[in-house]
Amino acid sequence: MASLYRFLLQSRCSRRLKNQEEMKALLGNTYCQDFLDYIYLWPDGRRVKAQWLTTTFHRFLRNHGLPMVRFHDLRHSCATFARHEGVPMEDIQKWLGHSTITTTEGIYALYDDTQSLETAKKISGAIDEGLKEDKAKVMK
């Protein structure tokens with residue numbers, strides 16, 4: 001998973017850097033030189049600020065009648081959905097880039113109440129099996 005993630009990131013970055021080089025050549029001296037170490041830039045070389053992403057994301061939610069959430073909340077949702085679908089916590093940790101599993105488990109992969117029901121059913125089933133075995137021993 002980590003190697004796939006790295007590949008996708010490197011591929012995207014190399015395309016962006018190539019586009020930046022093309023724009024630098026096209027715009028010449030008018031291309032902003034202040035943010036050459038950044039990956040996400042406007043075509044003229046200016047830095048894309050986080051506020052732009054937040055504003056654009058909220059406009060999208062509003063225009064589509066969706067509840068207002070922070071952009072970062074999508075990260076929480078992704079981890080929670082992955083856990084709910086049975087993705088191993090270690091894979092979620094790697095995907096999110098966390099150095100420890102504790103961060104992933106404690107912050108991002110929220111506990112789902114349906115998991116409580118499944119756990120209760122498993123415990124109940126184990127108890128029922130144990131009682132059946134005990135009853136069978138007594139009947140012998």
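Which residues make the nonpolar surface patch of about 420 Å²?

1. The patch is formed by W52, L53, V69, F71 and L74. The model under discussion is a predicted one, and the remarks below should be read accordingly.

2. In soluble globular proteins, nonpolar side chains tend to be buried together. Here the largest nonpolar core has five residues, namely A79, A82, M89, I92 and L96. Helices α3 (73-84) and α4 each contribute at least two residues to this core. The greatest contribution comes from α4, with three residues.

3. Helix α4 covers residues 89-96, and its buried residues are M89, I92, Q93 and L96. Viewed down the axis of α4, these buried residues lie within an arc of 105° and therefore line one face of the helix. After α4 comes G97, which has a positive phi, near 80°.

4. Three salt bridges are found in a search of the whole structure. Side chains of opposite charge can pair when their charged atoms come close. One of the three joins E21 to K24, with an N to O distance of 2.9 Å. Both residues are in helix α1 (residues 2-27), where E21 and K24 are three residues apart, about one turn of the helix. E21 has a relative accessible area of 46% and is thus partly exposed. K24, at 22% relative accessibility, also counts as partly exposed.

5. A further salt bridge links R46 with D44, whose closest N and O atoms are 2.8 Å apart. R46 is partly exposed at 45% relative accessibility, and D44 is partly exposed with a relative accessible area of 26%.

6. D73 and R70 also meet through their side chains in a salt bridge, at 2.6 Å from N to O. The relative accessibility of D73 is 21%, which places this residue in the partly exposed class.

7. How many disulfides does the model contain? The count is zero, taking a disulfide to be a pair of cysteine sulfur atoms within 2.5 Å. As to individual cysteines, C32 is buried, with 17% relative accessible area, whereas C78 is partly exposed, at 37%.

Terms used: Residues are numbered from 1 along each chain as its sequence is written. This is a predicted model: local features need pLDDT of at least 70, side-chain atom pairs count only at pLDDT 80 or more; totals for chains, interfaces and linings use all residues. Side-chain values use heavy atoms; hydrogens and water are left out. Patches are made of residues with over 30% relative accessible area and no salt bridge: like charges are joined within 9 Å, nonpolar side chains (Val, Leu, Ile, Met, Phe, Trp, Tyr) within 5 Å. Accessible areas come from the Shrake-Rupley method with a 1.4 Å probe; for residues, only the protein chains shown count as cover. A salt bridge is a side-chain nitrogen of Lys or Arg within 4 Å of a carboxyl oxygen of Asp or Glu. Buried means under 20% relative accessible area, exposed over 50%, partly exposed in between (1.4 Å probe, protein chains only). Helices (H or I, at least four residues) and strands (E, at least two) are DSSP runs, numbered from the N terminus. The arc is that of the directions from the helix axis to the C-beta atoms. A nonpolar core is a set of buried Ala, Val, Leu, Ile, Met, Phe, Trp, Tyr and Cys residues joined through side-chain atoms within 4.5 Å.
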